[in-house]
Amino acid sequence: QVQLVESGGGLVQAGGSLRLTCAISGRTYSTYSMGWFRQAPGKEREFVAAINWSGVNTYYADSVKGRFTISRDNAKNTVYLQMNVLKPEDTADYYCAAGSFGSSPSGYNYWGQGTQVTVSS
């Protein structure tokens, strides 16, 4: 069993930064790829970023490439999403997930409860 808990969301002005943290429990954490997804009101959940089990491979949605950075610390059972140059269109609930490396939500077996990010213009 893997449990995920996100934190770090909040209200920020456009152009600002936030760092989301996902704390993971479970003995097999380091074998999972991790992903971040987001869901805005009235929209489908969309892929943001993914990182493989070792941290060597990363993958980003075009909409966040160059602004967001995903990383992980397997010793701390934690994955991060550093978000810079935030835009109002980044406003959403952000979810971390554990599973297979990729951009499809169906590839992830475990999900956190989400953390809200609001970017004001």
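Biologist: Which residues do ring pairs link into a cluster?

Modeller: Phe37, Phe47, Tyr59, Tyr108 and Trp111 are the ones linked into a cluster by ring pairs. Rings of Phe, Tyr and Trp (its six-membered ring) pair if their centres lie within 6.5 Å; planes under 30 degrees apart count as stacked, over 60 as edge-to-face and the rest as tilted. Before we go on: this is a predicted model, where local features need pLDDT of at least 70 and side-chain atom pairs count only at pLDDT 80 or more, while totals for chains, interfaces and linings use all residues. Residues are numbered from 1 along each chain as its sequence is written, and side-chain values use heavy atoms, with hydrogens and water left out.

Biologist: Got it. How many aromatic pairs does the structure hold?

Modeller: Six. One of them is phenylalanine 37 with tyrosine 108, an edge-to-face pair at 5.2 Å centre to centre, with 80° between the planes. That pair links distant parts of the chain, since phenylalanine 37 is in strand S4 (residues 33-39) and tyrosine 108 is in strand S10 (residues 108-111), 71 residues apart. The strand names come from DSSP: helices (H or I, at least four residues) and strands (E, at least two) are DSSP runs, numbered from the N terminus.

Biologist: And why is the pair of tyrosine 108 and tryptophan 111 called edge-to-face?

Modeller: Their ring centres are 6.3 Å apart and the planes sit at 65°, so that pair counts as edge-to-face.

Biologist: Is tyrosine 108 buried or exposed?

Modeller: Buried, because its relative accessibility is 5%. Buried means under 20% relative accessible area, exposed over 50%, and partly exposed in between (1.4 Å probe, protein chains only). Phenylalanine 37 is buried too, whereas tryptophan 111 is partly exposed at 28%.

Biologist: What lies over the face of tryptophan 111?

Modeller: Arginine 45, at 4.8 Å from the ring centre. The charged end of arginine 45 also sits over the ring of tyrosine 95, 3.9 Å from its centre. The cut-off: a charge sits over a ring if NZ of Lys or CZ of Arg is within 6 Å of the ring centre and within 35 degrees of the ring normal.

Biologist: OK, switching to the sheet. What's the order of its four strands?

Modeller: S1-S3-S8-S7, an open sheet with antiparallel pairing. Two strands pair if DSSP finds at least two bridges between them. At the edges are S1 and strand S7 (68-73), each of which pairs on one side only.

Biologist: How many bridges join each pair of strands?

Modeller: Strand S1 (residues 3-7) and strand S3 (residues 18-25) pair over five bridges, with serine 7 opposite threonine 21. S3 and strand S8 (residues 78-83) are joined by six. There, leucine 20 has leucine 81 as its bridge partner, and leucine 18 has methionine 83. S7 and S8 pair over six bridges, and serine 71 stands opposite tyrosine 80 there.

Biologist: Which residue has a positive phi in the hairpin of S7 and S8?

Modeller: Asparagine 77, near 50°. The hairpin has four residues between the strands.

Biologist: Why do you call S8 largely enclosed?

Modeller: Because five of the six residues of S8 are buried.

Biologist: Last topic: where does arginine 67 lie?

Modeller: In the loop between strand S6 (58-60) and S7. Arginine 67 counts as buried because its relative accessibility is 10%.

Biologist: What does arginine 67 touch?

Modeller: Leaving out residues up to four places away in sequence, arginine 67 touches Gln82, Met83, Asn84, Val85, Leu86, Lys87 and Asp90. Contact here means heavy atoms within 4.5 Å. A polar atom of the arginine 67 side chain lies 2.9 Å from the backbone oxygen of valine 85.

Note on methods
Polar contact = N/O pair within 3.5 Å; in protein donor to acceptor, adjacent residues only side chain to side chain.
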